[in-house]
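Please open the model in your viewer and keep the selection tool at hand; the tour moves from one selection to the next.

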Amino acid sequence: MDNSKKQVSVLFMLFSILFCVCLIAANTFETKQISVFGISLTGGLIVFPVSYIINDCVCEVWGYSKARLLIWTGFAMNFFFVAMGALCDAIPGAAYWNNDAGFHAVFGLAPRIALASFVAFIIGSFANAYVMSRMKLHDGARRFSARAILSTVAGESLDSLVFFPLALGGVVPADELPKLMLWQVVLKTAYEVVALPVTIRVVRALKRHEGDTYDRDVNYNIFKIFDLQR
């Protein structure tokens with residue numbers, strides 16, 4: 001057995017940590033409603049698109065199998081954070097504690113919203129990684145910018161199509177849901193485009209240090225978590 005296929009580099013580990021932090025921070029920031037150029041959004045928009053940029057970098061440099069490990073690791077850490085937050089929220093506060101409402105607003109994530117968030121994350125993230133991987137096989141080392149943008153459009157579109165109906169269906173008027181979904185996709189994709197010059201430089205630097213990967217024989221089964229083909 002080639003044990004190198006079962007190993008991850010320090011750089012991959014650091015990107016994984018940043019990925020998990022972005023997901024957890026996005027969940028926390030979602031509790032604040034913000035206004036950008038008159039458009040009502042959630043604070044999670046500030047950091048959540050960074051997770052898609054990291055996904056792009058990992059899939060481009062280390063391949064789909066490492067991106068799959070990254071996605072499931074992020075899912076597990078985010079689930080742990082949400083579960084511990086819900087547990088802490090459920091435990092009665094001390095007699096002198098007077099901020100139950102504020103704590104609940106941040107950590108008392110409704111089960112319906114939590115479930116929608118987790119399902120949408122898995123579907124959107126794997127769609128992003130799959131599109132990146134298949135396009136790279138087709139294009140070779142060319143057109144990274146196109147891969148990054150189109151994979152984000154695919155991932156964010158599916159994320160929004162899953163999350164908003166599951167989380168807000170019956171709460172938000174039916175004619176408003178498509179607008180919310182469209183704005184999320186447009187603004188998150190715009191975020192990726194603005195960050196693209198930095199992303200390109202990061203990917204080039206990573207490839208110089210880590211080499212390059214093409215998913216010619218990869219198994220795209222999302223549950224083959226520890227099949228770390230390189």
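Begin by selecting helix 1 (10-29), strand 2 (39-42), helix 4 (100-107), helix 5 (111-139), helix 6 (144-168) and helix 7 (177-210), each of which supplies at least two residues of the lining of the largest pocket; helices (H or I, at least four residues) and strands (E, at least two) are DSSP runs, numbered from the N terminus. The model is a predicted one, in which local features need pLDDT of at least 70 and side-chain atom pairs count only at pLDDT 80 or more, while totals for chains, interfaces and linings use all residues. Residues are numbered from 1 along each chain as its sequence is written, and side-chain values use heavy atoms, with hydrogens and water left out.

Now show the pocket itself, which holds about 710 Å³ of space. On a 1 Å grid over the protein atoms alone, a pocket is an open set of points with protein on both sides within 12 Å along at least five of seven lines, a cavity is a set where a 1.4 Å probe fits but cannot get out, and lining residues have an atom within 4 Å of a point. Grid points are joined across faces, edges and corners, and a volume is the space filled by probe spheres set on the points. Of the 30 lining residues, Glu 30, Thr 42, Ile 113, Phe 163 and Phe 164 lie nearest the centre of the pocket, and helix 5 gives the most to the lining, with six residues.

Next, select helix 5 together with helix 6, which pack at an angle of about 160° with their axes 8 Å apart; axes are lines fitted to C-alpha atoms, for helices over the stretch in contact, and angles run from 0 to 180 degrees between N-to-C directions. That angle makes helix 5 roughly antiparallel to helix 6, a term for angles over 145 degrees.

Finally, look for the largest cavity, with a volume of about 70 Å³. Select Asn 27, Thr 28, Phe 81, Val 82, Gly 85, Val 106, Phe 107 and Leu 109 to display its lining. Helix 1, helix 3 (64-90) and helix 4 are the elements that give two or more residues to this lining, and helix 3 gives the most, with three.

Technical notes: Angles under 35 degrees count as roughly parallel, over 145 as roughly antiparallel, 65 to 115 as roughly perpendicular and the rest as oblique.
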